[in-house]
Amino acid sequence: MKAALLALAGGILAGRAAAQNSTPAGPTQTGTISTCNEWYLVQDGDTCGTVESKFGITHVQFIKWNSAVSPDCATNFWGGYAYCVGVSGAAPASTTSSSSSSKSVPTVTSPPGPTMTGSPANCNNWYLVKDGDNCGTVEAAYGITHVQFIKWNPAVSADCATNFWIGEAYCVGVGAVVSGASSTSITTAKSSSTVTSSSINTSTTPYSTRLPVTNWTISSPTVATTWPPTQTQAGQPSYCNYWHLVQAGDTCTSIAAMYPTWMSLADFFAWNPVVGSDCTGLYVMYWVCVGIQPQTSLTLEYPPTTPTIPDEVPWTSTPLPSVDYNFTPSPTQGPLPTNCANYYYSQPGDTCRIVAANLGYVSQEQFLAYNSFLGGNCDGLWSGVYYCVSQWNGSQHDLPMPRTVSTKPSPVPSDTTTACTSWYQMSGDDDCDVIPAIFGTFSRSDFVSWNPSVGQGCSGLVEGTYYCVSVPGTPTTRTAIVTPTPTPTAPVQPGIAANCISWWLVKTTDTCDIITTANSLTLDQFLEWNPDVANGTGSCTQLYPDYDVCVLIEGLAPGGNGTTTAVSSSGGSTSTTTAVSSRGVSTSTITSSTPTSTQSGGAISTPVPVQAGMVSGCHRFYFVESGDGCWAIANSAQIDLNNFYAWNPAVQTDCSKLLAQYYVCIGISGPVTTITTGSPVPAPT
């Protein structure tokens, strides 16, 4: 028996000698104890616990001799570095002095706090981790190895950096629990031989391979159903009204991210102080506070008395001043022309120059001619009397001409014709159509040729600049009739067609497509009449709400189409009309016929296909195209929308059943007409 023990001791010593060196076999950390005489080079897979077990030293000794390594072994424990595992005069942890010593620690048979998953079912001794503890101190206190501690507490990482928490209970002993045991005695003794051994004497039956664990029941954790939850950590506010059940894998940051609407990470720490700012106190299956009741209240103050509502006052419109059609100007400085159409009441300091400048439509020469009693004296006006400022003989030729100057003014474009005899100052909504129209003595082409800087599109007109309006030979009286232009009811953008006769007030929801569809126009027509909407791009880029845009010009029927003309033929009349837009683009092909009296009451050839229920006796048919709408069709054909629905009941009164590529009825009288392409046009009158 003695020989066997010596052989065993020799094997142990040989193994230790092979694994350690008297000098470092690699780089070392700073602070290593100076009396070190045994070194170990850390290999891949090593931990503090495996090294300590291999050399029979405690965790406290290892950390003391290698002070650069952190107590949890997470810092400065590196592969390929040499660490001290023995010092001069120090014996392995399992060897003690010849005198026996005994140390007692309490035996706790039930977990005194929350536990990690994976603890063995036959654990019979538990320890509640306190501030300052680490795996090494616990292992040393209970005389167990690091390998044992990690085996009995598998949730803890090998370096003790993960899941080793303050306030958590960990297993420090296993085996059958013996009733009445109150303490564990750890005794070490040194034998007379050089072989070292250690024994753990406990009051319980130790765990061994002869007493294996044959039955281990793992049950899922239960969650209390009481509300508010009771399994909460200390320090939560009493007014907490929302909780979160911590699950495996949760962190303080991830929990705060789940409720970002009302809780920040700082709020989470404030409402759960035991968790700690480093989140080390976050326990699985515990409820943490993630919402609180508002700590401020809104106070609404109502007036102490009921307000008095004044009696309703009926609105009375202010009467407009009556028009005196028999007005006789009085007093006057002298006799006025009998055909005077407009009068001016003079103010102190007036001269004919001031009056002409203020009115803008009468020149000094005209003013002196209408008031011949002044004898050409422009400064001879009296204050507080009436003067004539325009005449009317029932002809537009009598309208006063716009004010001009006969001496070259400034500014004038440099390329203006040198033959110019009078100039007009551009202002307001003037354009290359308006200016020739208000003078009536020259054409647009004349105006552009005399003033090349304005350009063919008239985009070069500049407000306040003088432009040439006559050359030698230009008539001095009107030769063209001024065509009245409908006045828009809202602001208009520059360049709008001068011969516009219908306007559309743009709403915030309007688009060019809505406007053109509603008025049966092409986009080209709309942008030609409203060039500033396109801004030179060819698309609808500058459509402004609360502005009037032009939707019809003089000479075109509603919808932008030309009027229908009939060509006589024997036995009746037929017409084939191509409706042309202002750009000359063909938009509609119409075939129509008017039966003679001998055909009256005869059958009408109805085109196909048509929708069910179309009125019998329809005279005018339209072939529906993709994108058409009931209102647009009725508007272009100038028929009542209710009549359209009555003649075509299948389309429904909300137009939801209008089918493209089908014919609809747009008239029950007049020439029999079939419109196969383009927009519908009104029936000829």
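Tutor: Let's start with a term: a contact means heavy atoms within 4.5 Å. Keep in mind that this model is predicted.

Student: Okay. Which residues does T416 touch, not counting residues up to four places away in sequence?

Tutor: With those set aside, T416 touches W423, W450, N451 and C468. As for its place, T416 sits in the loop between β12 (386–391) and β13 (422–425).

Student: On to helix α2. How do you know where its buried residues lie?

Tutor: In α2, residues 48–55, the buried ones are C48, G49, V51, E52 and F55. Looking down the axis of α2, they fall within an arc of 165°, so they line one face of the helix. After α2 comes G56, with a positive phi near 65°.

Student: What makes β9 and β10 a pair?

Tutor: Two strands pair if there are at least two bridges between them. Strand β9 (residues 240–245) and β10 have 5 bridges, in the antiparallel sense, so they qualify. In this pairing, L245 stands opposite W287 in β10.

Student: And why is β10 described as mostly covered?

Tutor: Count its residues: β10 spans 287–292, and 5 of its 6 residues are buried.

Student: What makes a group of residues a nonpolar core?

Tutor: They must be buried, of the listed kinds such as Val, Phe and Tyr, and joined through side-chain atoms within 4.5 Å. The largest such core here has 25 residues, and V138, Y142, F149, V156, F164, Y170 and V172 have the most contacts inside it. Elements giving two or more residues to this core are β4 (123–128), α4 (135–142), α5 (146–152) and β5 (169–176). The largest share, 5 residues, comes from β5. There's also a second, separate core of 23 residues, including F621, Y622, F623 and C630.

Student: Zooming out, how much of the protein chain is buried?

Tutor: Of its 685 residues, 38% are buried. The protein chain has 16 helices and 22 strands, and it exposes about 38100 Å², with carbon and sulfur atoms supplying 55% of that area.

Terms used: Residues are numbered from 1 along each chain as its sequence is written. This is a predicted model: local features need pLDDT of at least 70, side-chain atom pairs count only at pLDDT 80 or more; totals for chains, interfaces and linings use all residues. Side-chain values use heavy atoms; hydrogens and water are left out. Buried means under 20% relative accessible area, exposed over 50%, partly exposed in between (1.4 Å probe, protein chains only). Helices (H or I, at least four residues) and strands (E, at least two) are DSSP runs, numbered from the N terminus. The arc is that of the directions from the helix axis to the C-beta atoms. Accessible areas come from the Shrake-Rupley method with a 1.4 Å probe; for residues, only the protein chains shown count as cover.
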